[in-house]
Amino acid sequence: MFYNLPSSKILSSGSATGASSRIFKGEGIAAALSAYGLHCEFVCADAAPQVITYHFDLSDPMQRNSVKRYIKPVSAMLRCKVAEVDSNKNAHFALEVTRQERQFVPFSDVLRNKEYNDVQNPLSACLGYDTASKPVILDITKAPHILIAGETGGGKSVCLNTLLNSLLFRATPNRLRLLMVDTKRVELSAYEGLPHLLAPIAKDGQQALQVVKNLNTLMRSRYEKLNAEAVSNIEQLPPDKALPHICLIIDELADLMLMCKDEAEPLLVSIAQLGRAAGIHLILATQRPTVNVVTGLLKANLPCRIALQTASIRDSMTILDHKGAERLTGRGDAWLKTPDKVEERRIQIAFIDREDINAVCGWWRNNGITE
Ligand SMILES: Nc1ncnc2c1ncn2[C@@H]1O[C@H](COP(=O)(O)OP(=O)(O)OP(=O)(O)O)[C@@H](O)[C@H]1O
Ligand SMILES: [Mg+2]
């Protein structure tokens with residue numbers, strides 16, 4: 001089968017909207033801090049869509065430990081949430097100011113980003129920008145399984161859509177196949193009929209369990225093929241025997257786990273443990289990152305985590321193993337933990353609307369296949 005790839009021209013031309021009028025002058029903050037008794041000089045600021053990080057040098061390095069005391073007055077002065085963020089330099093500190101009027105990052109903006117376009121890998125998705133305004137590029141084969149969690153309205157479905165559509169601009173069904181579970185029945189319905197789909201979208205717990213069972217069987221048969229060819233993963237197969245990567249996307253893991261945890265959990269754990277070599281990846285989203293849903297064994301095998309705003313510190317602990325996600329500001333503001341990086345990154349997920357999702361899926365249904 002021959003396939004074409006869509007062009008970014010099919011997207012509506014959304015542009016980043018900002019709130020530049022609300023960007024404070026770093027020198028002004030330094031002058032106010034100095035007036036309060038914390039003598040410092042403004043160095044630079046990094047403006048991200050959701051937060052601005054201001055860097056300062058202290059005149060007296062001995063004041064490093066007393067920075068905390070000045071957070072409340074600065075916060076009251078700016079009428080914004082302010083937090084001290086890590087800075088590993090001596091005599092230096094950084095304050096993160098949450099923007100009141102958030103910058104909106106449209107999907108088309110990240111899709112056209114030069115740094116992302118320089119990455120040729122068809123299985124790399126671009127999620128948005130980090131706080132240093134660098135594009136956040138995720139190679140799903142290296143991820144190799146992703147947990148997306150956060151409270152309702154935090155932006156899980158938008159995150160799934162951004163990730164998926166980003167891949168749909170690069171990967172033909174020869175490279176990527178999809179399986180979807182959408183027990184809410186509305187979140188992923190736009191993808192129905194996509195040539196990448198290996199099976200119809202599962203819409204209830206029973207269908208979802210069947211999808212997971214079938215995927216497990218497929219994974220075992222792929223292992224037999226790898227053994228027969230004496231290779232250790234699908235990338236090493238000869239070109240005439242090449243296999244596409246497969247992503248199983250579950251929009252609400254809790255619906256499956258609360259219905260048939262005893263059957264579903266061992267299957268998901270086995271895919272998470274063995275899937276990578278067979279080119280099989282899990283992308284699991286949940287509003288309830290509790291131990292009943294994201295069990296210890298499952299979590300241990302999902303090394304890539306995207307934490308959106310959580311309802312509690314406990315939920316943050318379940319996803320990231322530490323607190324912090326409860327202080328995120330919602331609407332795609334997230335912490336990203338990847339297996340290849342020691343440090344987590346604060347990111348803003350790009351927003352894709354229904355119209356653009358329909359444009360991409362409609363394009364694939366009508367123009368994607370040439371033969
Ligand atoms: N990256 C983003 N940029 C801008 N706005 C966003 C972003 N993500 C989410 N939002 C806003 O938040 C709303 C809710 O997002 P979304 O539906 O993804 O939440 P959710 O976490 O999936 O919620 P639920 O658990 O109820 O399914 C969106 O309709 C949108 O208005
Ligand atoms: Mg959702």
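User: Let us begin with the ligand: how far does a polar side-chain atom of Q287 lie from an oxygen atom of ligand 1?

Analyst: Please keep in mind throughout that this is a predicted model, and that each value is computed from it. A polar contact is a pair of N or O atoms within 3.5 Å, and the pair formed by a polar side-chain atom of Q287 and an oxygen atom of ligand 1 is separated by 3.5 Å.

User: How much of the accessible area that ligand 1 has on its own does the protein cover?

Analyst: Taken on its own, ligand 1 has 630 Å² of accessible area, and the share of this area that the protein covers is 74%.

User: Which element gives the largest share of the shell around ligand 1?

Analyst: The shell consists of 17 residues, and the closest of them are T152, G153, K156, K184 and I349. Both β13, which spans 345-349, and α5, which spans 156-168, supply at least two residues of this shell. The largest share, three residues, comes from α5.

User: How many residues of the shell around ligand 1 are nonpolar, polar and charged?

Analyst: The space that ligand 1 takes up is the second largest pocket, and the residues of the shell around ligand 1 can be sorted by class. The counts are four nonpolar, eight polar and five charged residues.

User: Why does D130 count as buried, and what is its relative accessible area?

Analyst: D130 belongs to strand β5, which covers residues 124-130. The cut-off for buried is under 20%, so D130 is buried, with a relative accessible area of 8%.

User: Is L298 buried or exposed?

Analyst: L298 is part of helix α8, made of residues 296-300, and its C-alpha atom is 8.6 Å from that of P266, which is 32 residues away in sequence. Because its relative accessibility is 0%, L298 counts as buried.

User: How is P73 classed by its relative accessible area?

Analyst: P73 sits in helix α2, residues 71-78, and the C-alpha atoms of P73 and C247, which are 174 residues apart along the chain, are separated by 48 Å. Buried requires under 20% and exposed requires over 50%, with partly exposed in between. The relative accessible area of P73 is 29%, so P73 is partly exposed.

User: How far apart in space are K89 and G150, C-alpha to C-alpha?

Analyst: K89 lies in the loop between β3 and β4 (92-98), and because its relative accessibility is 51%, K89 counts as exposed. In sequence K89 and G150 are 61 residues apart, while in space the C-alpha to C-alpha distance is 32 Å.

User: Is R79 buried or exposed?

Analyst: R79 is placed in the loop between α2 and β3 (82-85), and its phi is near 55°, a positive value in a residue other than glycine. Exposed means over 50% relative accessible area, and because R79 has 65% relative accessibility, R79 counts as exposed.

User: Finally, what is the phi of A230?

Analyst: A230 is found in the loop between α6 (205-228) and β9 (245-250). With a relative accessible area of 72%, A230 is exposed. A230 is a residue other than glycine, yet its phi is positive, with a value near 55°.

Methods:
Residues numbered from 1 in each chain as written. Chains lettered and ligands numbered in written order. Predicted model: local features only at pLDDT ≥ 70, side-chain atom pairs only at ≥ 80, totals over all residues. Heavy atoms only, no water. Near = heavy atom within 4 Å. Polar contact = N/O pair within 3.5 Å; in protein donor to acceptor, adjacent residues only side chain to side chain. Areas by Shrake-Rupley, 256 points an atom, 1.4 Å probe, with all protein chains shown as cover. 1 Å grid on protein atoms, 1.4 Å probe; cavity = no way out; pocket = protein on both sides within 12 Å on 5 of 7 lines; lining within 4 Å. Sits in = over half its atoms within 2 Å of the grid points. Helix = DSSP H or I, 4+ residues; strand = E, 2+ residues; numbered from the N terminus. Nonpolar A, V, L, I, M, F, W, Y, C, P; charged D, E, K, R; others polar. Buried < 20%, exposed > 50% of the residue type's maximum accessible area, 1.4 Å probe, protein only.
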